[in-house]
Structure formats: C-alpha cells, structure tokens
Amino acid sequence: MDAAEIGVVVGAVALIAAVLWYFFGPKEATAAAVGASGVQEIKVTVKGGYSPDVIVVRQGMPVRLDFYRDETASCSEEIVFGDFGIARQLPAYETTPIEFTPEEPGEFTFACGMNMMRGKLVVEPSATPAASES
C-alpha cells in the first residue's frame, strides 16, 4: 500500500467516525421553561431534524411544544408522538403548537411521518411532597 492509499483509508475511517458521532453521539437535553400560565413551553425548529431533539418536561404539568418548520422537505410534513396518540401536519414556514399533559414519567420518542427524523421527550417524575409522620 502506498502513501496515497493509506491516506484514503485513514480519511475514510475518520469520516465514518464523524458520521457515527453526529447521528449516535450524546445529545444535549433542553428543559422546557414554565410560563406565567404554568404551561411548560419550548420552541422546536424543524429543519433536517429537530432542534432541540431531546426535550425535558415534568410529569403532570401541561406542555406546549411550538414546532416551527423551516423547510419544505416532504419528510418533515408530519410530527408523530405515538405514545400520546398525537399526529399533526406541520405546514412549511409556520409554527404549529402541540399541547398535552404527560401523565407518566419516562422517555418517549417523536418522529416525522416517515420515521426518519427522530427526537426524544423525557418526562421527569413530578416532585412528591415528603410524607408527614404521625
């Protein structure tokens, strides 16, 4: 193997590692902010994926996710929260609110209608008051 071939192999391995890190590496979670009305709110941009793609909310509190679709790609036309029975069309260059109240803690996926773009909703348990002792 000459130097050019070694360079191509090393470059290919580096490119594969970068792609794997981009798609499967750690994702930064973004917590929803609680508005004055007591609703957990977050804005999500849809453009080749979801940003943020990991959203943290509290159990038992209303959630409002504002999806702004900043593209016309057919894959992003619909958003599906299968565990919550929610499927909505996302018109291009418009904001579509999705409101619900997560009753159970856990991790729930959401995806485009083609299941190619994915995100995760992390529902943290609500704080339970300490039991009083008698």
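In this predicted model, a salt bridge joins the side chains of Lys120 and Glu107, with an N to O distance of 3.4 Å. The pair connects distant parts of the chain, since Lys120 lies in strand E11 and Glu107 in strand E10, 13 residues apart. Lys120 counts as partly exposed because its relative accessibility is 29%, whereas Glu107, with a relative accessible area of 56%, is exposed.

This pair belongs to a total of five salt bridges. Others among them form a network that links Arg64, Asp66 and Glu99. Arg64 meets the side chain of Asp66 at 3.0 Å, N to O. Asp66 counts as buried because its relative accessibility is 8%, and buried means under 20%. Arg64, at 27% relative accessibility, counts as partly exposed. Arg64 also forms a salt bridge with Glu99, where the closest N and O atoms are 2.9 Å apart.

The largest nonpolar core contains 23 residues, and Tyr50, Ile55, Leu65, Phe67, Ile79 and Phe81 have the most contacts inside it. At least two residues of this core come from each of strands E3 (40-46), E5 (54-58), E6 (63-69), E7 (78-81), E9 (95-100), E10 (106-112) and E11 (118-124).

Tyr50 illustrates how such a residue is surrounded. Apart from neighbours within four places in sequence, Tyr50 is in contact with residues including Val44, Phe67, Ile79, Phe110, Cys112 and Met117. Glu78 and Arg118 are also among the contacts of Tyr50.

Key:
Residues numbered from 1 in each chain as written. Predicted model: local features only at pLDDT ≥ 70, side-chain atom pairs only at ≥ 80, totals over all residues. Heavy atoms only, no water. Core = buried A, V, L, I, M, F, W, Y, C linked by side-chain atoms within 4.5 Å. Buried < 20%, exposed > 50% of the residue type's maximum accessible area, 1.4 Å probe, protein only. Helix = DSSP H or I, 4+ residues; strand = E, 2+ residues; numbered from the N terminus. Contact = heavy atoms within 4.5 Å. Salt bridge = Lys/Arg side-chain N within 4 Å of Asp/Glu carboxyl O.
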